[in-house]
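Dear colleague,

Please find the structure below, handed over for your use. My findings follow directly after it.

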Amino acid sequence: MKRHIDAWAVNLSLAALAALLFAASIYVGRGGELLADKFETISAVDRDIAWLILTEVRLPRALLGLLVGATLGLTGAGLQGLLRNPLAEPGLIGASGGAALGAVLVFYSGLAAGTAMFVPIGGVIGAVAALAVLYLLAGRNPSIVTIILAGVAISAFTGALTSLALNLSPSPYAALEIVFWMLGSLTDRSMTQVWFVLPFMGVGWLLVASTWRALDALSLGEDTAATLGFSMRSVTARAILGTGLAVGAAVSVTGVVGFVGLVVPHLMRPLVGQRPASLLLPSALGGAALVLAADLFVRIPVNGPELKLGVVTSLIGAPFFLWLILRTRREAP
Amino acid sequence: MRGFAVCVVLLSGLVLPAHAEAPQRPPERIVSINLCSDILAADLAAPGTLKSVFRLGRDPGDSPVAHRLQHIPPNDGRLEDILPFAPDLVLAHEWSSPFTLDLIRRIGIPLATVKDARSFADIRENIRTVAAALGREKRGETVIAEFDAAMEDARREGEGPTAILYQDLGSAATPNSILGRILAHTGFRNVVTAENEVGLVYPGIEDVIVLRPELLALGVYRPDAPSQARALLEHPALRLYRERYASEVHLPARDWTCSTRFVAGIAARLAAAHDAMTDERREQHSHLTLPPWEGQTVEDGLGRGRR
């Protein structure tokens, strides 16, 4: 392995990139129209309206892009470390699908009428349940094949149940809403939703980050990690619960945004090396940058509804995934 | 499948002669397989002749005549649902499943289709089409006269307030859609100027606010059913804009999902909103020394003062 660039330099430049894209996300509107041009005309008439758009439409969208991207990047890196598997990712192994199912059940059953806070809670429960099932199916002996097969099965099953729940719900827009939950979107979210997801994500991030030393030890094998004094039970529980909290909250407001958690850690490895611990922060920053960039991309078409975010991330992610499978096969003994 | 085809051929042999023999007599066993034709038939059919309606025709969320159709058995628009009623006329929409329409024609059941009405003339034409198929031309002309009178009552002239008609999913009505025409008819200036075949454009919440409509006419469809599409209308930015800067009127979707004579109800609501807004404006005028309303650039006219 060649020497890697200083980790701090990488982190700082990724943070700068994410900050730049965050600013761009606020600044660039539909069809690439710039904020300044638009606001000059509005704020001449009424400053309050310009302020309203800035704080209630543009800011929450950019913030959610940042938060959701960071969540997906961080949990992707965490899961790849925990399962010692380069193909692990919240979307691929069913956590996002489970979260979508949980959120859909709460949202369309009318439970959310009491408080919208229940929707992220439903998402969290769904994600944790999906991960727990995966771990029961494949956890002790995580070969690539078992994990991916179990994940695909869970994803397909939760996806089908989500569609079923929507079809049975009284929603008149079931077909369109299935698309939303499966492909994700950041369009016209509000600050309320940012406040709802923030605590879940915060706790989730901390739980996943708290496993960083254990993830390094785990790369030497479970037994070695145990001799080094890490309790596998506690590490697994923290990683799964943390992922469930963060991903569940993210999916409950944006739907399933696929492939980010898969692609980002792989992009970061050449920069910071293979150690799972050193991957966590760069993956979070890189994920945020990727989702913000993808969200800029979906705004380009002017006519008709916007593209879904998951369309763009999957366009990037799926070919990458294929390339990864080819490489894994080549490297396999 | 083969069995079904054979069955169809046999049926066509059975039904055809009956149909050929009596074209003059008005139909007595009418089946409607589409919401829009349900609504028209409810107005036009002679009592007791409507044997079955499409299930949505009986659903108060979609149908303005639901209460009048509760005693009529529903169908799901499939051929198998239609045949047991042995209809002598089927009413459908030009967009009904082409396979079903084709089967109905091959069996030889008389068929009348209504079209997607995009103008007031289209609405009258649909009434005439169905009335003619039912042999109730006179009743048709009465309904048209009522519709025309109701629309005339709702007509408002002049350069009125600006408005947008915004609905679930974030779609807004274009000037060439039926809703766009009603906006113009009731004296509003639609802030959406683009036109297209579908009659809808999709401005984001931000774009709606930037267009600064003085009236937000919200299309309301099944408000109790939770959906992301509907949650959009509750976005805080849009709510704040409605509260501070614009008047608001709710238009129930069942009156316009199908463009029928019931759009006159939408026109009446918009006309009432128009009157309320112009009264308010006049009042404000009387104690304003500033030059009168110059549309969008006069700050006092649009801003917080107007509540």
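This is a predicted model: local features need pLDDT of at least 70, side-chain atom pairs count only at pLDDT 80 or more; totals for chains, interfaces and linings use all residues.

A residue is called buried if 20 or more other C-beta atoms lie within 10 Å of its own, exposed if 12 or fewer do, and partly exposed in between, with the C-beta atoms placed from the backbone. B:Leu270 counts as buried because it has 26 C-beta neighbours inside 10 Å.

Residues are numbered from 1 along each chain as its sequence is written, and chains are lettered from A and ligands numbered from 1 in the order in which they are written.

Confidence

The predictor assigns the complex an ipTM of 0.73 and a pTM of 0.79. For chain B, the mean pLDDT (the predictor's confidence in each residue, from 0 to 100) is 84, and 85% of the residues reach 70 or more. Two stretches of chain B call for separate mention. Over residues 1-22 the pLDDT stays under 50, and the model has 13 contacts there beyond four places in sequence; two residues are in contact if their C-beta atoms, placed from the backbone, lie within 7 Å. Over residues 288-307 of chain B the pLDDT is likewise below 50, and this stretch has 18 contacts in the model beyond near neighbours in sequence.

Chain B: B:Leu270 and its surroundings

B:Leu270 belongs to helix α12 (residues 263-286) of chain B. Helices (H or I, at least four residues) and strands (E, at least two) are DSSP runs, numbered from the N terminus. Which residues does B:Leu270 contact, leaving aside its neighbours within four places in sequence? They are B:Ile182, B:Leu183, B:Thr186, B:Phe188, B:Ala217 and B:Val249. By contrast, B:Pro98 lies 172 residues away from B:Leu270 along the chain, and the C-alpha atoms of the two are separated by 36 Å.

Chain B: the strands around β6

Strand β6 (residues 162-167) of chain B is mostly covered, with five of its six residues buried. Two strands are said to pair if DSSP finds at least two bridges between them. With strand β10 (residues 215-220) of chain B, β6(B) pairs in the parallel sense over five bridges, and here B:Ile164 stands opposite B:Leu216. Strand β8 (residues 189-190) of chain B also runs parallel to β6(B), joined to it by two bridges; B:Asn190 is the bridge partner of B:Ala163.

Strand β7 (residues 171-173) of chain B runs antiparallel to β6(B), again with two bridges, and B:Tyr166 has B:Ala172 as its bridge partner. The hairpin of β6(B) and β7(B) has three residues between the strands, and within this hairpin B:Leu169 takes a positive phi near 70 degrees.

β10(B) in turn pairs with strand β11 (residues 247-252) of chain B, in the parallel sense and over six bridges. B:Leu216 has B:Glu248 as its bridge partner in β11(B).

Chain B: the two domains

Chain B is divided into domain 1 (2-151) and domain 2 (157-302), with bounds that come from an automatic or database domain assignment. Their contact takes 19 residues from domain 1 and 16 residues from domain 2. On the side of domain 1 that touches domain 2, the elements giving two or more residues are α2 (35-44), α6 (120-134) and α7 (137-154) of chain B. By class, that side has 13 nonpolar, three polar and three charged residues. Ala, Val, Leu, Ile, Met, Phe, Trp, Tyr, Cys and Pro count as nonpolar, Asp, Glu, Lys and Arg as charged, and the others, Gly among them, as polar.

Chain A

The secondary structure of chain A comes to 14 helices and zero strands. Of its 333 residues, 53% count as buried. Among contacts in chain A between residues at least 6 apart in sequence, 80% join residues at least 24 apart.

A:Asp188 is buried, as 20 other C-beta atoms lie within 10 Å.

With kind regards
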